[in-house]
Amino acid sequence: MLSGQEKDGDFEIEFSFYPSPVDIRKFAKIARNIVELYWPENEKAGFEVEVCIMEALTNVFLHAQNDKPVSEISFRLEKQLNKLIVRVFDDGRGFVLAEQLAKKPDVFQSSGRGLFLMDSFMDSIKYTTGKNRNELLIEKLILGSKSV
Amino acid sequence: MNIQLVGKNGGTVLLIKDKRIDIQNAVELREELLKLIRDGQNKILLDLQKVRFIDSSGLGALVYSLREARRAKGTIRISGLTEHVASMFSITRLNKIFDII
């Protein structure tokens, strides 16, 4: 499912889907296509956003739902001038972001690089737990926007 | 996972023909590599020239396979890194543990 709107060159768009690796890949690619459409001169940003969306959605798929049957994943992309805002929602038990980021990944470990990559590629990352759902909020300033 | 055996000169040379190594095919790649290592083909050169995208699942599969290869007294070398994939190796410092040629 997809809903959204565009106004004065900015947009917000929300996706929700039943998570599977195939769909995680598909929606991360769509996000990259959107970034490339709005920031056509910044191909690197498109790649970095695709990585971050893959990692964020993978984390929800693998961890955040805990023992509950996996329900829908939803995420939202917003453009405000030269800033891309990504929100990824989950209804799992949640985690403490600072603790997770403090665990510097050992170079020989075979998992646990997702948040590190998001933190590296984005300008800000926040995670808030809520009664009904938790929210991962990541923001990236991107140059190379088309003029509007 | 589309993997082509392209040679056995001083080790097993594999060309990864998929454009991506990510959550969808990382486990499959890892299992293919582990099968080779178990069969004694533990000196592997992976040609990633066609790979344009890798995520942490893909990197994890390669690291796991490298550990197993080393345990069997072998190694995994990597060639043909494209720009963005190379940046993923350097940001995670995997370029320090893989022999990248």
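K73(B) lies in the loop between helix 2 and strand 6 (75-79) of chain B, where helices (H or I, at least four residues) and strands (E, at least two) are DSSP runs numbered from the N terminus. This is a predicted model, in which local features need pLDDT of at least 70, side-chain atom pairs count only at pLDDT 80 or more, and totals for chains, interfaces and linings use all residues. Residues are numbered from 1 along each chain as its sequence is written, chains are lettered from A and ligands numbered from 1 in the order in which they are written, and side-chain values use heavy atoms, with hydrogens and water left out.

Most residues other than glycine have a negative phi. K73(B), although not a glycine, has a positive phi of about 65°, and R93(B), in the loop between helix 3 and strand 7 (99-100) of chain B, also has a positive phi of about 65° without being a glycine. The table sets out accessibility, for which buried means under 20% relative accessible area, exposed over 50% and partly exposed in between (1.4 Å probe, protein chains only).

| Residue | Relative accessible area | Class |
|---|---|---|
| K73(B) | 72% | exposed |
| R93(B) | 42% | partly exposed |
| T12(B) | 4% | buried |

T12(B) is found in strand 2 (residues 12-16) of chain B, and its side chain makes a polar contact with the side chain of Q41(B) at 2.8 Å. A polar contact is a pair of N or O atoms within 3.5 Å; within protein, one must be able to donate a hydrogen and the other to accept it, and residues adjacent in sequence count only if both atoms are side-chain atoms.

The largest nonpolar core has 68 residues, and those with the most contacts inside it are L77(A), L46(B), F89(B) and F98(B). Helix 2 (residues 43-64) of chain A gives the most to this core, with ten residues. Such a core is a set of buried Ala, Val, Leu, Ile, Met, Phe, Trp, Tyr and Cys residues joined through side-chain atoms within 4.5 Å.

Between the chains, 26 residues of chain B are in contact (heavy atoms within 4.5 Å) with 26 residues of chain A. The rule finds two salt bridges across this interface, a salt bridge being a side-chain nitrogen of Lys or Arg within 4 Å of a carboxyl oxygen of Asp or Glu. The side chains of E50(A) and R20(B) meet in a salt bridge, 2.7 Å from N to O.
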